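Me: Could you take a close look at the charged side chains in this model with me? I would like one connected account.

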Amino acid sequence: MPINSSGPDWVTVIPRTIKETNKLELYQGAGTFPSGYYYKDQWRPRNFKIRQFNDPDSITECLQRKVVYLFGDSTIRQWFEYLTTFVPDLVEFNLGSPRNVGPFLAVDQKHSILLKYRCHGPPIRFTTVFSSELRYVANELNGIVGGKNTVVAIAIWSHFSTFPLEVYIRRLRNIRRAVVQLLDRSPKTVVVIRTANAQELGPEVSLFNSDWYNFQLDTILRKMFSGVGVYLVDAWEMTLAHSLPHKLHPDAVIVKNQLDMFLSFVCPLET
């Protein structure tokens, strides 16, 4: 039966009020293939000029007075490990967490930088995880106030490669809703999505993993966050385009380029 409207039966579309968001579609690289290329081991996106963060001081200057949240699987845990290794002032606190699970915390007191990593909720293929640490990304996002000094990066795909697409879609819908709510209450929050990447498929891994299936997950991820106002680190293209062999956890030179792109979103070049 039809349900009669209890109020106005029309919708008013309010235009964007923050001019910065008008540029976000450009950074998402929608419809651009390939999205970039390597020149002397430096990734060069086709849509915008990326900054090179070749020394710890440049990274520290970019992240000064910022809180950085990293949520997801081990492919974004690599970012945490790279930053705490490369930037000497970013000191990791020993929380007694399992090395492949987390949570992890690093602080640079002198420059007021706080870096956090937390794995996503099930399904996960880690060996042992305390039930108290099984937290969903959407719930964690709902607890973030946000603001111009808040940066969020999310990577969630690898542990869903053995599940139907419907499971992945349902998870991304919840995360998308939480991201939209975060940007509604704090539009200047920087939200970055790291895509999937190709990986090495040996005899054992190929029994339950497939780049073809991961590409389907990656396609869904891009569609789900298209038009939301988030930035995209195209790890898929960055892995395929390099001469190094494919790995679930890419080598340092690829991770460095991923972080250069991530930090370029946080601290874009002045125009």
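Me: Which residues gather in a patch of negative charge on the surface?

Reply: Happy to walk through this; keep in mind that the model is predicted. The negative patch on the surface brings together D55, D57, E61 and D89. Among them, D57 sits in helix 2 (residues 56-63) and is exposed, with a relative accessible area of 60%.

Now for the paired charges. The count of salt bridges comes to 9. One of them links R222 to D218, with the closest N and O atoms 2.7 Å apart. Both belong to helix 6 (residues 211-224), and because they are 4 residues apart there, about one helical turn separates them. D218 is buried at 2% relative accessible area, whereas R222 is partly exposed at 26%.

E237 is buried yet has no salt bridge; R222 is its nearest side chain of opposite charge, 5.9 Å away. A salt bridge here needs the nitrogen and carboxyl oxygen within 4 Å. Leaving aside residues up to four places away in sequence, E237 touches F33, P34, S35 and W43.

Two further pairs round out the picture. E140 bridges to R135, their closest N and O atoms being 4.0 Å apart; E140 is partly exposed at 21%, and R135 is partly exposed at 34%. D251 pairs with K247 at 2.9 Å between the closest N and O atoms, with D251 partly exposed at 24% and K247 partly exposed at 29%.

Conventions:
Residues are numbered from 1 along each chain as its sequence is written. This is a predicted model: local features need pLDDT of at least 70, side-chain atom pairs count only at pLDDT 80 or more; totals for chains, interfaces and linings use all residues. Side-chain values use heavy atoms; hydrogens and water are left out. Patches are made of residues with over 30% relative accessible area and no salt bridge: like charges are joined within 9 Å, nonpolar side chains (Val, Leu, Ile, Met, Phe, Trp, Tyr) within 5 Å. Accessible areas come from the Shrake-Rupley method with a 1.4 Å probe; for residues, only the protein chains shown count as cover. Lys and Arg count as positive and Asp and Glu as negative; His and the chain ends are not counted. The place of a charge is taken as NZ of Lys, CZ of Arg, CG of Asp or CD of Glu. Helices (H or I, at least four residues) and strands (E, at least two) are DSSP runs, numbered from the N terminus. Buried means under 20% relative accessible area, exposed over 50%, partly exposed in between (1.4 Å probe, protein chains only). Contact means heavy atoms within 4.5 Å.
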